[in-house]
Amino acid sequence: MHNKDTISIWTDGACSGNPGPGGWGALIKYPNLTKKISGSVAHTTNNRMEMLAVIKSLQCINSNFKITIYTDSTYVKDGITSWIHNWKANNWKNSQKKDVKNKDLWQALEAITENLDINWQWVKGHSGNIENTIADELATSAIKKN
């Protein structure tokens, strides 16, 4: 799962109410270091926190590594690997011809990922994956700090 040439990142977002106060968290495993990061937003949605966890993680790493991102959000994984192509082609409109939600974060995520070698992996949340559990705990505890 983790080798010397790869940075592995587990991300999660949480919200108390949706919308409501939110938090994001990430566990980043470098070849020789493990780092935990988190943050909160006063009024937000769960999807925005899921996205922000990935963005904030990628902002603090060296892009010379291969990266594996583990997320329990199909919204984030499918959005950045698949849906975003049609959204851009349709001037940021979804299949119902409505404005894509969270366009600002999708554009930020696309910009930060475009020159990175990322392997996107979906993990089932709350299923005993230790790293995902740590990311979840970071996100939920960040809400309380808001």
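Visitor: What does Lys77 count as at 23% relative accessibility?
Guide: At that value Lys77 is partly exposed, the class between buried (under 20% relative accessible area) and exposed (over 50%), worked out with a 1.4 Å probe on protein chains only. Keep in mind that this is a predicted model: local features need pLDDT of at least 70, side-chain atom pairs count only at pLDDT 80 or more, and totals for chains, interfaces and linings use all residues. Residues are numbered from 1 along each chain as its sequence is written, and side-chain values use heavy atoms, with hydrogens and water left out.

Visitor: Where does Lys77 lie?
Guide: In helix H2. Helices (H or I, at least four residues) and strands (E, at least two) are DSSP runs, numbered from the N terminus.

Visitor: And what is Lys77 in contact with?
Guide: Leaving aside neighbours within four places in sequence, Lys77 is in contact with Thr71, Trp120, Gln121 and Trp122; contact means heavy atoms within 4.5 Å. Gln121 is 44 residues away from Lys77 along the chain, yet their C-alpha atoms are separated by 7.4 Å.

Visitor: OK, H2 itself. At what angle do H2 and H3 pack?
Guide: About 100°, with the axes 11 Å apart; H2 covers residues 74-89 and H3 covers 103-113. Axes here are lines fitted to C-alpha atoms, for helices over the stretch in contact, and angles run from 0 to 180 degrees between N-to-C directions. That makes H2 and H3 roughly perpendicular to each other, a label for angles of 65 to 115 degrees.

Visitor: Which residues meet there?
Guide: From H2 you've got Tyr75, Val76, Gly79, Ile80, Ile84, Trp87 and Lys88, and they meet Trp106, Leu109, Glu110 and Thr113 from H3. By class, the contact of H2 with H3 has 7 nonpolar, 2 polar and 2 charged residues.

Visitor: Leu109, then. Buried or exposed?
Guide: Leu109 is buried, at 0% relative accessibility. Not counting residues up to four places away in sequence, Leu109 touches Val54, Ile55, Leu58, Val76, Ile80 and Trp120.

Visitor: Which residues touch the most other members in the largest nonpolar core?
Guide: Ile9, Leu58, Trp106 and Leu109, in a core of 30 residues. A nonpolar core is a set of buried Ala, Val, Leu, Ile, Met, Phe, Trp, Tyr and Cys residues joined through side-chain atoms within 4.5 Å. At least two residues of this core come from each of strand E1 (6-15), strand E2 (20-29), helix H1 (46-59), strand E4 (66-71), H2, H3 and strand E5 (118-122). H1 gives the largest share, 7 residues.

Visitor: What does Leu58 touch?
Guide: Ile9, Ile67, Ile69, Leu109, Ile112, Thr113, Leu116 and Ile118, if you skip residues up to four places away in sequence. There's also a second, separate core of 5 residues, including Trp10, Leu27, Val123 and Ala135.

Visitor: Switching topic: how many aromatic pairs does the structure hold?
Guide: It holds 5, where rings of Phe, Tyr and Trp (its six-membered ring) pair if their centres lie within 6.5 Å. Tyr75, Trp83, Trp87 and Trp106 form one aromatic cluster.

Visitor: Last one: which strand has Ile7, and what does Ile7 touch?
Guide: Ile7 is in strand E1, and at 0% relative accessibility Ile7 counts as buried. Beyond residues up to four places away in sequence, Ile7 touches Ile28, Lys29, Tyr30, Pro31, Ile61, Asn62, Phe65, Lys66, Ile67 and Thr68.

Note on methods. Angles under 35 degrees count as roughly parallel, over 145 as roughly antiparallel, 65 to 115 as roughly perpendicular and the rest as oblique. Ala, Val, Leu, Ile, Met, Phe, Trp, Tyr, Cys and Pro count as nonpolar, Asp, Glu, Lys and Arg as charged, and the others, Gly among them, as polar. Rings of Phe, Tyr and Trp (its six-membered ring) pair if their centres lie within 6.5 Å; planes under 30 degrees apart count as stacked, over 60 as edge-to-face and the rest as tilted.
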